[in-house]
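Student: Could you take me through one part of this model closely, the aromatic side chains and what surrounds them? I would like the cut-offs spelled out as you go.

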Amino acid sequence: MTPRIRFENVWMTYGDQVVLERLNLTVAPGEFCTIVGASGCGKTTLLRLLLGEETPSRGRILLDGEPLPAEPGPDRGIVFQRYSVFPHLSVLGNVLLGLELRASPVTGRLFGSARRNAQEEAVAMLEAVGLGQALSKYPTQLSGGMQQRLALAQSLVMHPRILLLDEPFGALDPGIRRDMHELVLRLWRENNLTVFMVTHDIREGFYLGTRLLVFDKLRYDPDEPHAYGAGITYDLPIGQADPGTLAQVLGRPGVSRRPPASSPQPPAPSGER
Amino acid sequence: MKRLINQRPGRVSTAALALLPFVALALFYVLASDARLAANPGDKLLPSFTTLAESFVRLTSEPSQRTGEILFWQDTGASLRRLAQGVGISAAIGLLLGIALGAIPLIRSGFAPFVAVLSLIPPMAVLPVLFIVFGLGEVSKVVLIVVGITPFIVRDLQQRVQELPRELIIKAQTLGANSWQIVLRVILPQLVPRLIDAVRLSLGTAWLFLISAEAIAATEGLGYRIFLVRRYLAMDVILPYVVWITILAYLTDFLLKQTSRRAFPWYHSGEPGR
């Protein structure tokens, strides 16, 4: 079977600064990869590469065996931590937007029966994420968790080949976050998605998904911290990860710079971008 | 005692505090006017409120002996028409260029420095050019307003487009939008309330240019009338006109604000007190 995503010796450098080096990764369709690692270890860069916002300095990325397009497209859905939904559109309008854009290149709008059909599809998607009662609200009237549900529905209605999640629950309360975990797992199973999720919360990484990728520097020169880039230091099939492995991963210097994950972390500051 | 920055007035004191400067100004005017009129009953510089009120009634109700029109309303109509045309054209150009410059890097690289330089030309300095090119009629006055406020609106809207979160533009692309669809469905609708903001900010400047143009060459208009009667020291005409212009400017601003709140509730939901 062709891998859904394949990184072939990918390097990412900005000037002298090496962010990612020698990255090789093969992800099969239906895998749920969670990506953890310290700040500045290339997690977000990996996501930007997958989006097509950045192109690798060296090496190449294949999507279903074809070179990955060099700009974002409808085959890759994304949910950011913030600003994932359009403030000027209602909940229904937000989910409808993708369907309208696909069907109507000039006006970007649908009318008549085409609109009704699209609306039915959008409403079904919204009901699946638990927003069936909030169709006419604007995003500013929704809580943070509901906004992220909306962002998920908006992406999934397009049936993307891969779904990218960039710390989607980082700003949510612990209880809400647990609900969102269940929702994401259910949507992943029901829609047979391939998911890449970047998270700060290593426990979230262990709990969700089928595969945990830990990013850290492979080599480190204290005099020139930017001379070497990060790579994958752990690639764990989850389920086989026993508490000892978790402790070992947590014990790595790169990872343990984060506060100990014994309790759910407070909302992560969004200062990274 | 709370810190000064934490003390907030109640409803009644808010209204009272807002009225206070107006009352103080009126009182100061009455005292000064009385003092001057006591010294010289024929004084024209600070007419009494009674004279002002009589003059206002005369201005708004008595037709001109020469043309049969009521000059006050004729002037108001002429000025508002010029203002609306000038601001309307500026807003349209501003929206088009602002979006083009803000959303499309190729256009921005080509034209943003040019627009920045153009915006530094003092509009009043090119007024003679406008009079030469467009004549002394309506066009040159409207064009002066356009020349005066369009650069500001263009640059402001370009900035607003660039301030839209990068995430939204990427999200639109992952929903399959092409460049045109992104402009039409993502950028344009989010920019219209911001255009209203920019227009509200530039209205004061628009009035400035309108009255300047009318003062120099016109046959009707609020600015024309003020500068015409200046030679008779007719403060009893000038002052009502100035107050009237202020009221018009305030009403325009208020209407734009209310329109924006009605039409774009999502844009105003973060405002304090709502």
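Tutor: Happy to! Let us start with accessibility: a residue is buried under 20% relative accessible area, exposed over 50%, and partly exposed in between, using a 1.4 Å probe and protein chains only. This is a predicted model, in which local features need pLDDT of at least 70 and side-chain atom pairs count only at pLDDT 80 or more, while totals for chains, interfaces and linings use all residues. Residues are numbered from 1 along each chain as its sequence is written, chains are lettered from A and ligands numbered from 1 in the order in which they are written, and side-chain values use heavy atoms, with hydrogens and water left out.

Now to the rings. Those of Phe, Tyr and Trp (its six-membered ring) pair if their centres lie within 6.5 Å; planes under 30 degrees apart are stacked, over 60 edge-to-face, and the rest tilted. That rule gives ten aromatic pairs over all chains. One of them joins B:Phe56 and B:Phe72: the planes stand at 80° with the centres 5.8 Å apart, so this pair is edge-to-face. Helices here are DSSP runs (H or I, at least four residues), as are strands (E, at least two), and both are numbered from the N terminus. B:Phe56 sits in helix H2 (residues 49-61) of chain B and B:Phe72 in helix H3 (residues 71-103) of chain B, 16 residues apart, so the pair links distant parts of the chain. B:Phe56 is partly exposed at 36% relative accessible area, whereas B:Phe72 is buried at 1%.

B:Trp73 is partly exposed, with 42% relative accessibility, and B:Trp244 is buried, with 17%. Together with B:Tyr241, the residues B:Phe56, B:Phe72, B:Trp73 and B:Trp244 form one aromatic cluster.

The criterion is NZ of Lys or CZ of Arg within 6 Å of the ring centre and within 35 degrees of the ring normal. A:Arg58 lies over the face of A:Trp11, 4.2 Å from the ring centre.

Helix H5 (residues 127-134) of chain B packs against helix H6 (residues 138-163) of chain B at an angle of about 145°, with the axes 9 Å apart. Those axes are lines fitted to C-alpha atoms over the stretch in contact, and the angles run from 0 to 180 degrees between N-to-C directions. With contact meaning heavy atoms within 4.5 Å, H5(B) contributes B:Leu127, B:Leu130, B:Phe131 and B:Phe134, and H6(B) contributes B:Val139, B:Ser140, B:Val143 and B:Leu144. By class, this contact has seven nonpolar residues, one polar and no charged. Here Ala, Val, Leu, Ile, Met, Phe, Trp, Tyr, Cys and Pro are nonpolar, Asp, Glu, Lys and Arg charged, and the others, Gly among them, polar.
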